[in-house]
Amino acid sequence: IFAITTRLFTFTIAAIEIHVNGEFEARMRTEADLEEVERLLHEEYRNDNTVGSEFVSGWETIIVQVNLEETEFFTPLEAYYRLDRTTLQPYEYIVKDRDTLGSIALSFGTTVNRIMLDNNLTSTLIRPGDLLTINTNLPLLAVRTFDDYRTPELIEMPVDTRYTDELPLHESRIVQQGQQGQQMTVERVTRVNNMEVSREMREPEITIEPVPHIVEVGTGAAAMERR
């Protein structure tokens with residue numbers, strides 16, 4: 001009994017299975033291998049401005065007990081090549097300004113006739129905001145990325161004028177030298193498989209706080225003119 005128990009504990013380990021849309025795709029031996037697969041799948045959609053990425057849908061990982069001697073594992077590269085394939089899928093596309101059926105067909109690697117047939121169109125006339133279903137070869141896994149584009153802008157320094165009777169009338173002096181600040185305007189662009197789906201302005205990020213310019217202006221009696 002001890003020998004049987006030892007054999008079970010020796011050769012049974014926890015592994016990680018990758019499923020996409022409920023279908024088994026790959027089996028990884030370690031968490032590090034799984035993270036490398038995710039990195040490879042996301043990396044082709046990321047750029048220097050990317051602040052985050054995620055799978056849109058379909059991706060699922062499951063912990064399973066497997067027999068070490070009888071189980072085949074994928075290397076991260078093998079799993080990546082398997083998961084990076086394309087499949088024929090419907091894609092919902094919102095028509096943008098200056099789009100034509102021809103330009104859309106070219107972007108998706110399909111034809112105008114195919115788009116018209118799939119959407120029951122009787123003419124090639126389309127308008128911004130129309131929703132089209134495009135049947136085309138798309139990556140098995142859709143990756144959503146978030147890119148932040150930052151532009152520096154100056155922040156005007158506030159001017160604080162203070163009146164005091166300690167100074168002669170209309171005389172002024174600088175109490176604190178002001179300084180302009182700086183902020184980064186941030187535009188967030190969201191893409192799915194490198195196709196832009198939305199953009200929005202985020203809250204500006206202040207990098208240098210402005211320094212108020214403080215001036216005192218006299219309200220006291222005018223100084224007597226010297227003879």
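What follows is a short exchange on helix packing, sheets and a salt bridge.

Tutor: This is a predicted model, so local features need pLDDT of at least 70, side-chain atom pairs count only at pLDDT 80 or more, and totals for chains, interfaces and linings use all residues. Residues are numbered from 1 along each chain as its sequence is written, and side-chain values use heavy atoms, with hydrogens and water left out.

Student: At what angle do α2 and α3 cross?

Tutor: Roughly 40 degrees, with the axes of α2 (residues 31-43) and α3 (residues 76-83) coming within 9 Å. Helices (H or I, at least four residues) and strands (E, at least two) are DSSP runs, numbered from the N terminus. Axes are lines fitted to C-alpha atoms, for helices over the stretch in contact, and angles run from 0 to 180 degrees between N-to-C directions.

Student: Which residues make the contact?

Tutor: Asp33, Glu36, Val37, Leu40 and Leu41 come from α2, and Pro76, Leu77, Ala79, Tyr80 and Leu83 from α3. Contact means heavy atoms within 4.5 Å. By class, the contact of α2 with α3 has 8 nonpolar, no polar and 2 charged residues. Ala, Val, Leu, Ile, Met, Phe, Trp, Tyr, Cys and Pro count as nonpolar, Asp, Glu, Lys and Arg as charged, and the others, Gly among them, as polar.

Student: On to sheets. What is the strand order in the one with β1?

Tutor: The order is β2-β1-β4, an open sheet of 3 strands with antiparallel pairing. Two strands pair if DSSP finds at least two bridges between them. The edge strands, β2 (23-28) and β4 (59-67), each pair on one side only.

Student: How many bridges join β1 to β2?

Tutor: 5 bridges join β1 (residues 12-20) to β2. Val20 stands opposite Glu23 in β2.

Student: And where does α2 lie on those strands?

Tutor: α2 lies across β1, β2 and β4, at about 150 degrees to β4. α3 also packs on the sheet, touching β1, β2 and β4, and its direction makes about 165 degrees with that of β2.

Student: What does Glu25 form a salt bridge with?

Tutor: Arg85, the closest N and O atoms being 3.0 Å apart. Glu25 is in strand β2 and Arg85 in the loop between α3 and β5 (86-94), so the pair ties together parts that are 60 residues apart in sequence. A salt bridge is a side-chain nitrogen of Lys or Arg within 4 Å of a carboxyl oxygen of Asp or Glu. The structure holds 16 salt bridges.
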